[in-house]
Amino acid sequence: MNFFRRPVFASLVLAAAVVSAAFPLAAADVAPSGTNPAAAVPLLNRSVVLSGLSGPWDIAFAPDGTMFFTEKCRGLSARRGDGSITRLFGTSGSALLAPDLVCQGQSGVHGVAVDPQFASNRTLYLYMASTLQANARTNRVLRLQLDEALATVVSRTDIVTDIVFKHQGNAHGTAGAHSGGRLRFGPDGFLYVATGDTHSGAVPQSPTLLGGKVLRVTRDGAPAPANNAPAGFDARIFTYGHRNVQGIDFRPGSGQPFIAEHGPNHNDEVTRLVAGGNGGWDPQNRPQLNCADGYCGYAGNASTMPMTDRARFPNALRPSWTNNGASEGLSPLTFLMGARWLGWNGRLAVGMLAGQRVEVLALDADGNTGSTVRAGLPAARYRALTQGPDGDLYIATDAGEIWRVTPSAAPARP
Ligand SMILES: [Ca+2]
């Protein structure tokens with residue numbers, strides 16, 4: 001089912017675009033002459049919508065084309081079709097302050113999701129590290145209601161308040177690491193929350209700690225029905241045994257969730273999810289590895305510390321794709337939709353941080369990846385991929401930019 005996503009609106013006017021260039025694909029990526037035009041690779045025209053941002057992390061759109069974006073250490077802002085920007089929530093200068101915002105290491109303000117009924121309820125959801133818990137910082141999911149003019153936040157309700165946070169640096173990295181943080185509504189109307197293992201060995205397979213999980217909740221943060229978590233698990237848990245999930249989207253047609261996970265020193269993964277499934281990541285200490293601070297996430301290799309441990313968990317969710325043993329920082333992913341994407345319509349675009357590219361995956365009927373091509377885009381640390389209501393792809397990079405990428409058909413040969 002795909003009954004609410006990405007309605008097609010008239011193109012936005014993006015007057016602030018300062019760079020525009022076509023990036024034709026490498027010859028090897030171009031469909032051979034004589035193949036079905038419907039399978040053709042689109043040309044990608046890129047423009048810079050915003051620059052000079054501070055760690056942009058996620059992008060979401062209202063049906064009218066208003067763009068919401070987060071900056072990790074500043075908060076949430078809105079950009080209207082006329083290019084004007086309002087800082088809605090976060091640090092000083094925002095319409096509503098978030099004095100509990102924690103900006104530390106990888107953590108801060110991460111994902112933003114627009115309510116499926118946004119046109120009538122003006123409601124957004126935000127993933128944020130917070131000091132509000134009594135004795136410990138947590139990652140939490142906030143529900144924010146905006147006013148009619150989208151100029152201010154009229155109410156804040158914290159709907160999930162107990163997602164784990166890495167409080168102290170250790171042998172494996174600084175505090176605030178591996179917080180996950182992407183939020184998306186599924187075509188089933190429930191909110192999916194991607195979390196991270198916080199460099200803690202016990203977290204991913206824990207039935208109660210909400211890191212290394214995908215949660216599936218209602219607008220109030222209550223467990224969604226049919227999460228199918230094993231007995232004794234927190235009922236908000238949809239899948240578990242993940243490492244650091246920073247990408248989630250839903251396959252057109254089936255609605256099945258797909259996630260992207262960073263690998264450690266090997267094997268990033270894209271995985272299709274099934275309710276109650278175990279992703280098979282278990283970095284708990286074990287004698288043969290003797291790991292510092294009880295976390296073996298970096299101690300082994302693809303055999304001794306696999307991203308999907310089928311020896312321990314024979315029924316673990318099988319990845320749809322791994323990038324040939326490399327760890328290239330998979331972060332966002334999104335399914336491309338619309339006829340303008342030509343042969344990429346329905347394919348899965350995956351953004352990489354260290355890998356500095358976008359890979360476009362072709363899936364078979366079962367969700368296994370059959371082939372990939374590299375999108376013809378500049379090298380960058382790709383942090384967010386979101387398709388707008390205009391059908392274009394909007395991209396946030398760690399260099400502080402948001403791009404708009406418009407597909408088009410290659411010009412006819414003379
Ligand atoms: Ca896995």
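Gln356 sits in the loop between β21 and β22 (358–363), where strands, like helices, are DSSP runs numbered from the N terminus (E, at least two residues, for strands; H or I, at least four, for helices). Gln356 is not a glycine, yet it has a positive phi of about 55°. Most residues other than glycine have a negative phi. Gln356 counts as partly exposed because it has 17 C-beta neighbours inside 10 Å; the scale runs from buried (20 or more other C-beta atoms within 10 Å of the residue's own) through partly exposed to exposed (12 or fewer), with C-beta atoms placed from the backbone. The model is a predicted one, so local features need pLDDT of at least 70 and side-chain atom pairs count only at pLDDT 80 or more, while totals for chains, interfaces and linings use all residues. Numbering starts from 1 along each chain as its sequence is written.

Asn290 is another non-glycine residue with a positive phi, here about 50°. Its place is the loop between β18 (269–272) and β19 (319–322). With 9 other C-beta atoms within 10 Å, Asn290 is exposed.

Back at β21, this strand belongs to an open sheet of four strands, ordered β20-β21-β22-β23 and paired antiparallel; two strands pair if DSSP finds at least two bridges between them. At the edges are β20 (330–335) and β23 (369–374), each of which pairs on one side only. Neighbouring strands in this sheet are turned by 25° against each other on average, direction ignored. Those angles come from axes, that is, lines fitted to C-alpha atoms (for helices over the stretch in contact), and run from 0 to 180 degrees between N-to-C directions. Between β20 and β21 (residues 348–352) there are four bridges, and the two strands run antiparallel. Leu330 stands opposite Met352 in β21.

Val350 gives a look at what packs around this part of the chain. Leaving aside neighbours within four places in sequence, Val350 is in contact (C-beta atoms, placed from the backbone, within 7 Å) with Ala260, Val270, Leu330, Leu333, Val358, Glu359 and Leu361. Val350 is also one of the residues with the most contacts inside the largest nonpolar core, alongside Leu126, Val193, Val214, Ile395 and Ile402. That core has 93 residues, a nonpolar core being a set of buried Ala, Val, Leu, Ile, Met, Phe, Trp, Tyr and Cys residues joined through C-beta atoms within 7 Å. Strand β9 (residues 123–130) supplies the largest share of this core, six residues. In soluble globular proteins, nonpolar side chains tend to be buried together.

A second open sheet also has four strands, in the order β12-β13-β14-β15, again with antiparallel pairing. Its edge strands, β12 and β15 (237–239), each pair on one side only, and the twist averages 30° from one strand to the next. Four bridges link β13 to β14 (residues 214–217) in the antiparallel sense. Val214 in β14 stands opposite Ala194, and Val214 is among the residues with the most contacts inside the largest nonpolar core. Gly189 lies in the loop between β12 (183–185) and β13 (191–194). Gly189 is partly exposed, because 15 other C-beta atoms lie within 10 Å. Gly189 and Arg219 are separated by 30 residues in sequence and by 9.0 Å in space, C-alpha to C-alpha.

In one, β24 (residues 382–387) is mostly covered, with six of its six residues buried. Five bridges join β24 to β25 (residues 393–397), and the two run antiparallel; Gln387 has Leu393 in β25 as its bridge partner. Five residues lie between β24 and β25 in this hairpin, and Gly391 in the turn has a positive phi of about 90°. In the other, β3 (residues 56–61) is mostly covered, with six of its six residues buried. β3 pairs antiparallel with β4 (residues 67–71) over five bridges, and Ala60 has Phe68 in β4 as its bridge partner. The hairpin of β3 and β4 has five residues between the strands, and Gly65 takes a positive phi near 95°.

As for the chain as a whole, there are one helix and 26 strands. Buried residues make up 49% of the 414 residues. Of the contacts with a separation of 6 or more, 60% involve residues 24 or more positions apart.

Note on methods:
Two residues are in contact if their C-beta atoms, placed from the backbone, lie within 7 Å.
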